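Hi,

Here is the structure I said I'd pass along. Have a look at it first, and then read on for what turned up in it.

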Amino acid sequence: MNDKNRTELDNVVKPPVTSVGVLGWIRANLFNSWFNSILTLLTLLLMWKIIPPFVNWAFIDSLWYSSSAECREIEGACWSVIPSNLRFMLFGFYPYDQQWRPFLAIILLIGLLFYSRNRAHWKTSLLYGWLIGLVVMGLLMKGGIPGLKPVESTQWGGLPLTLLLSVFGLAAAYPLGVILALGRQSEMPAIKSICIIYIEMIRGVPLITLLFMSSIVFPLFLPEGMTVNPILRAQVAIIMFTAAYIAEVVRGGLQGMSTGQFEAAESLGLNYYQTMRLVILPQALKIVIPPTVSQLISALKDTSLVVIIALYDILKTTQSTLSNPEWMAYSSEAYFFVALIYFACCYFMSSYSRRLEEELDTGL
Amino acid sequence: MNKKTAVAVKDKLSDDAIIEITGMHKWFGEFHVLQDINLTVQKKERIVICGPSGSGKSTLIRCINRLEEHQRGSIVVDGIALTNDIKNIEKIRAEVGMVFQHFNLFPHLTIVENLTLGPIWVRKIPKKEAEETAMYYLEKVQIAEQAQKFPGQLSGGQQQRVAIARSLCMAPKVMLFDEPTSALDPEMIKEVLDVMIDLAREGMTMLVVTHEMGFAKSVAHRVLFMDYGQIVEQNTPEEFFDNPKHDRTKLFLSQILH
């Protein structure tokens, strides 16, 4: 059929009104069978029951900036718990007058993360940017240079601690996981079995156990007088744990590669490392972006477990705030706020991964 | 293919061997897939290998760049013996180009990146120079306008021509073709064969596993017939097609030449 005929036909034959537009959509999606119609009505009823009371509680009857005494007079949410305790929730026991330092460090970190989102910025200069950024962040947190009072890492807490454990935990666990996955695929029996034993052992143990081991058992083996920073120990435990899971995800991607890709790379004369780095991993890692990100998201949330070795991450500082009798009654509001922070971090990762997938899509 | 080009393509051979296979055996587990293979390939010689499926013809050429490992006998390529020495294997692979049935382009790289990968990383050629070479060969297989696309955006015939160009960018001394047209739609076979005929005209040493008997007739110096892991018969194409000696060859030819 040629184009002219086509337009003429289009003008004559229109789809029926009930199958297009808003009406069509409603019919097709909400009321296309008696079962779905009942579901739609039930959902509407549920929304009617839940949404208005929630809006009342959260926005209409709520107080945003008041004392706890005023909060007791009202029915709605007492969001005041957040601004009143914000600095302790965010920065824990960090010296009050120095809290601009972790604040600045967080801003720097977020800035770098956002800048790195754009793949056009991935150059060697960005690597240097990160290195400088890390040194600056470290100096800001730790101090000890003229003009910055030293602050012991035992006083670090709240959001900087959560971000520190997450960002470096994930950044280190990912390459380690890839190496473990390659090791598990290796033809050399020694390397292969070491990787398998490592992965299976770590995956067979809960993270809490690893954290306990790193904070209680591990120091027993150190020579007397020698200590390792507790944050570093937790960090290592998180990296080891996450890497084992990443390794299995990546292995799935490696197994999804066709032998033809290996053969094509090898027949060009590329050696093992070049084949892996230039041909196999870029494809395999792309395939496993969704499960990898799931793993990273769950690792981020797992950092809250460091509370059991007495580190004050943002969840623990919030909890401490709530032990104050003045604010004890408003835990929902405080946890809601923490949930929002976790959600923002996780959503950043998942939305970024979706973007990355689109950018890396090459039609095959 | 007319008779005139066919004659023009066949030039004189030099006498130095580039591939020497002697007493080579290979097993897949218990299965004796290649039995006592002896084959010497001269520089600029073009050999077509045919035979029923499972006869070991693909395995034979895959042994030449060690995608398959042989268990007995020796294979010497360009003066280097194929052993377990990984350095030798990589050296030989750089000199021997391979074109696969399923193209095996790298889907995450653009066409021009596919072509420059080997030269940049194996031959250590500067990127700019490698890209110029790549464009030269893309021109040659008439696909230069697709240089910035990804393999997934190209047709099968185009992909296979890119795959040939990718091998040529390494300036190989020998080209191996493993059923290069078997995965193509009929209308795309000719464009790939044309590229291969051009290559033959320029004096490339070629070993081609194929069922395209027209190609064998017009381009090959020698046709090898394999069955059950052995080279059953080898001859010039004229003799091979007009006057096959062996019963199995006759049967095979009667089945494929209708």
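As for the labels, helices (H or I, at least four residues) and strands (E, at least two) are DSSP runs, numbered from the N terminus.

Before you go further: this is a predicted model, in which local features need pLDDT of at least 70 and side-chain atom pairs count only at pLDDT 80 or more, while totals for chains, interfaces and linings use all residues. Residues are numbered from 1 along each chain as its sequence is written, chains are lettered from A and ligands numbered from 1 in the order in which they are written, and side-chain values use heavy atoms, with hydrogens and water left out.

A pocket here is an open set of points on a 1 Å grid over the protein atoms alone, where a 1.4 Å probe fits, with protein on both sides within 12 Å along at least five of seven lines; lining residues have an atom within 4 Å of a point. The second largest pocket holds about 1,200 Å³ of space, the volume being what is filled by probe spheres set on the points, which are joined across faces, edges and corners. It has 30 lining residues, and the closest to its centre are Glu187(A), Glu266(A), Tyr272(A), Met276(A) and Ile86(B). Which elements each supply at least two residues of that lining? They are helix H8 (159–185), helix H9 (189–203), helix H12 (259–267) and helix H13 (272–287) of chain A, plus helix H3 (86–95) of chain B. H3(B) gives the most, with 5 residues. By class, the lining has 14 nonpolar, 7 polar and 9 charged residues (Ala, Val, Leu, Ile, Met, Phe, Trp, Tyr, Cys and Pro count as nonpolar, Asp, Glu, Lys and Arg as charged, and the others, Gly among them, as polar).

Next, the salt bridges (a side-chain nitrogen of Lys or Arg within 4 Å of a carboxyl oxygen of Asp or Glu). The count over all chains comes to 26. One of them joins Glu200(A) to Arg184(A), with the closest N and O atoms 3.1 Å apart. Glu200(A) sits in helix H9 of chain A and Arg184(A) in helix H8 of chain A, so the pair ties together parts that are 16 residues apart in sequence. Glu200(A) is partly exposed at 34% relative accessibility, while Arg184(A) is buried at 13%.

In chain B, Asp78(B) and Lys173(B) form a salt bridge with closest N and O atoms 2.8 Å apart. This one links distant parts of the chain, 95 residues apart: Asp78(B) is in the loop between strand S4 (72–77) and strand S5 (80–81), and Lys173(B) in the loop between helix H6 (156–168) and strand S7 (174–178). Both count as partly exposed, Asp78(B) at 28% and Lys173(B) at 38%.

Arg248(B) and Asp227(B) make another salt bridge (3.5 Å, N to O). Arg248(B) is in helix H10 (residues 247–256) and Asp227(B) in strand S9 (residues 222–227) of chain B, so this pair ties together parts 21 residues apart in sequence. Here Arg248(B) is partly exposed at 27% and Asp227(B) is buried at 10%.

Then there are the nonpolar cores (sets of buried Ala, Val, Leu, Ile, Met, Phe, Trp, Tyr and Cys residues joined through side-chain atoms within 4.5 Å). The largest has 121 residues, and those touching the most other members are Ile19(B), Ile21(B), Ile37(B), Leu39(B), Ile49(B), Leu60(B) and Leu207(B). Helix H11 (residues 230–255) of chain A gives the most to this core, with 12 residues.

Glu179(B), a residue other than glycine, has a positive phi near 45° and is buried at 13%. Tyr228(B), also not a glycine, has a positive phi near 50°, but Tyr228(B) is exposed at 61%.

Cheers

Note on methods: Buried means under 20% relative accessible area, exposed over 50%, partly exposed in between (1.4 Å probe, protein chains only).
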